[in-house]
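Take a look at the structure shown here. Keep it open while you read the points below.

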Amino acid sequence: MKCSKCNFENKDGARFCTKCGSTLPQMDKKSSSANSNGSKNIIIVLVVIALILVGSIAFLTFNSTFDSVLGDLNPLSKISDNVQTDDNADNDSAVEESDDVASNKSTKQIEKSKEWVSIGSYSGSGSGSQTISVPEGKIMVKLSAYPIKNYATNHLYVKGSNGESGGVDWGSKSAVETRSDSFTYTSSSEEIFTIDYYETVSWEVEFFRYQ
C-alpha cells in the first residue's frame, strides 16, 4: 500500500508507513469480501447456465437418435403400412370387379330386353309394285304370297338398295299354294326397298327391327 505523504510502498494491511510513520488508510474488508463473493456468484451462475445448455442439447440429440433406432428396429409399423397398402389394393380390385360384374349384368339385361318389333306391314293383290323406306338397324323381312294360277311368271319379290333381297315364285307345273320367305340384314343407314308382285290372289310383306 502506497503512503499518501511520502509515496513509500508499504505492505498490504500495514497501519503505519514504515518510512515516515504516517497512518495509512485501511480498506473495508467487508466491501472487499462482498466484491469477491459477488464475482464468485456470477461465475457459478454462468457455469450452471452452461451446464444446462449442454445437457439440453445432449438430451435432444439422444432422443432423436433413439427414435430413429426404434423406427428401424420396430417392424410392426412397416408391416402395418404394407398391410394397409395391400388392403387398399384389394379394395380397389374388388371395386373394379364389382363394376365389371355390374356392367356385364347391365349388358345382359339390355340384350334380354331386346326383341323383334314390327316397323311396317304391307299387303295387296294382283300385279304391281311399290317403294318403301326402311330405317337403319338390324332388320328382318318376312314375305308370303298366293298365286292366281300356276303361271311361270307368278311372283313376289322384295329388293333393297343395299342389295338385300328375297321372294317367292311359281313355275308352270308348281302347285297353286302359299309360299313364304324371309331374310335379315344390318344397316347403319336408311334403305329403300321395292316390292314387286305379279298375278297374285294376295301377298304380304312385313318388316321387323331388333330393338
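The notes that follow cover a helix, some paired strands and one histidine. The model is predicted.

- Helix 1 spans residues 29-73, and Ile49 sits in it.
- Ile49 has a relative accessible area of 44%.

**Strand 2 and its partners**

- Strand 2 (residues 137-147) pairs with strand 5 (residues 179-187). The two are antiparallel, with nine bridges.
- Within this pairing, Ala145 lies opposite Arg179 of strand 5.
- Strand 2 is also joined to strand 6 (residues 191-210). Here too the sense is antiparallel, and there are nine bridges.
- Val141 has Phe207 of strand 6 as its bridge partner.
- In a regular strand, side chains alternate between the two faces of the sheet.

- His155 belongs to strand 3, which covers residues 155-160.
- Is His155 buried or exposed? His155 is buried, because its relative accessible area of 13% is under 20%.
- The side chain of His155 makes a polar contact of 2.7 Å with the side chain of Asp196.
- Beyond its neighbours within four places in sequence, His155 contacts several residues, including Val168, Asp169, Trp170 and Asp196.
- Tyr197, Tyr198 and Thr200 are also among the contacts of His155.

Terms used. Residues are numbered from 1 along each chain as its sequence is written. This is a predicted model: local features need pLDDT of at least 70, side-chain atom pairs count only at pLDDT 80 or more; totals for chains, interfaces and linings use all residues. Side-chain values use heavy atoms; hydrogens and water are left out. Helices (H or I, at least four residues) and strands (E, at least two) are DSSP runs, numbered from the N terminus. Buried means under 20% relative accessible area, exposed over 50%, partly exposed in between (1.4 Å probe, protein chains only). Two strands pair if DSSP finds at least two bridges between them. A polar contact is a pair of N or O atoms within 3.5 Å; within protein, one must be able to donate a hydrogen and the other to accept it, and residues adjacent in sequence count only if both atoms are side-chain atoms. Contact means heavy atoms within 4.5 Å.
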